[in-house]
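Below is a short briefing on helix packing. The sequence and structure come first, then the notes by topic.

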Amino acid sequence: MSPRTSSPLPPLALAFLVWGLGAALYFIGFFQRVTPAVITHELMAEFAIGAAALGNLSAFYFYSYVGMQIPTGLLVDRWGPRRVLTLGAGVAALGTAVFALSTSYAGAGLGRMLIGASVGVAFVSMLKLAAHWFAPSRFAMISGLALLTGMLGGVGAGAPLRIAADHFGWRPVMLAASVVTALLCVLVWWLVRDDPSERGYASHAPRSASPGQTTSILSSLREVLGYRNIWLMFVIAGGFSAPILVFGGLWGVPFLVTHYGVSTAHAALMTSGLLLSWGLGGPLCGILSDRIGRRKPVYAAGLAISFVGWSVIWLIPGLPLGVLYLLLFVIGMVSGAVILTFVFCKESTPLRLAGTAGGIANMGNMMGGMLLQPAVGWVLDRMWSGQFAGSVRVYDFAAYRAGFALMLVWLVAGMLMLAFTRETHCRQTGAGSG
């Protein structure tokens, strides 16, 4: 259906401003997601915890993030992204302050849970805003830019956070992040609007996609879950994102420090490079998919190359640093294809249910990090040889190999399941039983 034409379409600058404020919360969310990877030594020493407990502390973010995805999608479809984003930014500021000021493991875990639940609204809200403020032909590219925005947040939680923590301490840095997030809360409420019509412009979305419909929440959820692509992509995306979220978000830095002899700052720079290439790969994969008019070939290639690259890193010790850098860059770029999960799900359901479909897709996307960050930590502790560096446990290569192997299994399962999805051919579908 064509956009409403009684008024001019919104200028791109205004569209990017509105969308960009939602993207800013996603930036902050990814910053918070990766933070434990950079301050592992401080957290393990300060709270006197091992790998399993650290994995759980980091994963508290994912537990609440994942739990919020379906509610977020339903709320965004009914209330609109402006209200949801404002509430999310406010709670994120509170959660960051709780984490920064906590003197106990339980308090830090509570802060991480508040952060995860609140920033979990950002991505789905961004997709909903994109569907209203941008032409459908730009949706895959905008989705890719969303991933890039998040990766830039992850890069900010790499070497820059390490340097700031070395100079000021991790607690003051987190308090500063809390203040910035509170300011964003104010800006979102002031400037963001759910639809261009609220600013006097025509919308790119059909009227049936507007929030505030009378369809019940359960009816919306049942309808979305009736589409086969949604279920399959839910599982596939978890396996695709898991290696990036686990390696780049927690265990990559200690792995590189221990087994490649680099400094913590250098290791943080390497994982930041992985996240940045992941972000750059998102829009490129989106553009490539739009050009060829298909989603599955790009997605399948990304899964396969990612599997090969991670297998080399995790199964072969002592790689030259140059080879390691190249592998991380290539893996990050091809893993950007995971952004097509959201485009795939949007195109597989009616546009009025875009928020709900996006929430389910993002829930699946985060499942890998939620389950495997603590799972890898559990394996590391089970295989720990008793070695310490100061007061922090050190794990050998065999322990990391065993923990990381869990992700290779999920990647293989994802490749097999992708064969059973239905290609959308880059067109909005949603009719029929799915």
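In this predicted model, helix α1 supplies Y26, G29, F30, Q32, R33 and P36 to a contact with S58, Y61, F62 and Y65 of helix α3. By class, the residues of this α1 with α3 contact are six nonpolar, three polar and one charged.

**Geometry of α1 and α3**
- Helix α1 covers residues 12–38 and helix α3 covers residues 51–79.
- Their axes come within 7 Å and cross at roughly 140°.
- An angle over 145 degrees would count as roughly antiparallel, and α1 and α3 are therefore oblique to each other.

**Helix α1 on its own**
- From its first C-alpha to its last, the 27 residues of α1 reach 36 Å, close to the 39 Å expected at 1.5 Å a residue.
- A kink of about 30° in α1 is centred on G20.
- Helix α1 is mostly covered, with 20 of its 27 residues buried.

**Helices α11 and α15**
- The axes of α11 (residues 228–260) and α15 (residues 340–347) come within 10 Å, with a crossing angle of roughly 170°.
- Because of that angle, α11 is roughly antiparallel to α15.
- On the α11 side the contact is made by N229, I230, M233 and A237, which meet T341, F344 and C345 of α15.
- Five nonpolar and two polar residues make up the contact of α11 with α15, and no charged residues take part.

Terms used. Residues numbered from 1 in each chain as written. Predicted model: local features only at pLDDT ≥ 70, side-chain atom pairs only at ≥ 80, totals over all residues. Heavy atoms only, no water. Axes fitted to C-alpha atoms, helices over the stretch in contact; angles between N-to-C directions. Helix = DSSP H or I, 4+ residues; strand = E, 2+ residues; numbered from the N terminus. Parallel < 35°, antiparallel > 145°, perpendicular 65-115°, else oblique. Contact = heavy atoms within 4.5 Å. Nonpolar A, V, L, I, M, F, W, Y, C, P; charged D, E, K, R; others polar. Expected span 1.5 Å × (residues − 1). Bend = angle between axes of the 7 residues up to and from the residue. Buried < 20%, exposed > 50% of the residue type's maximum accessible area, 1.4 Å probe, protein only.
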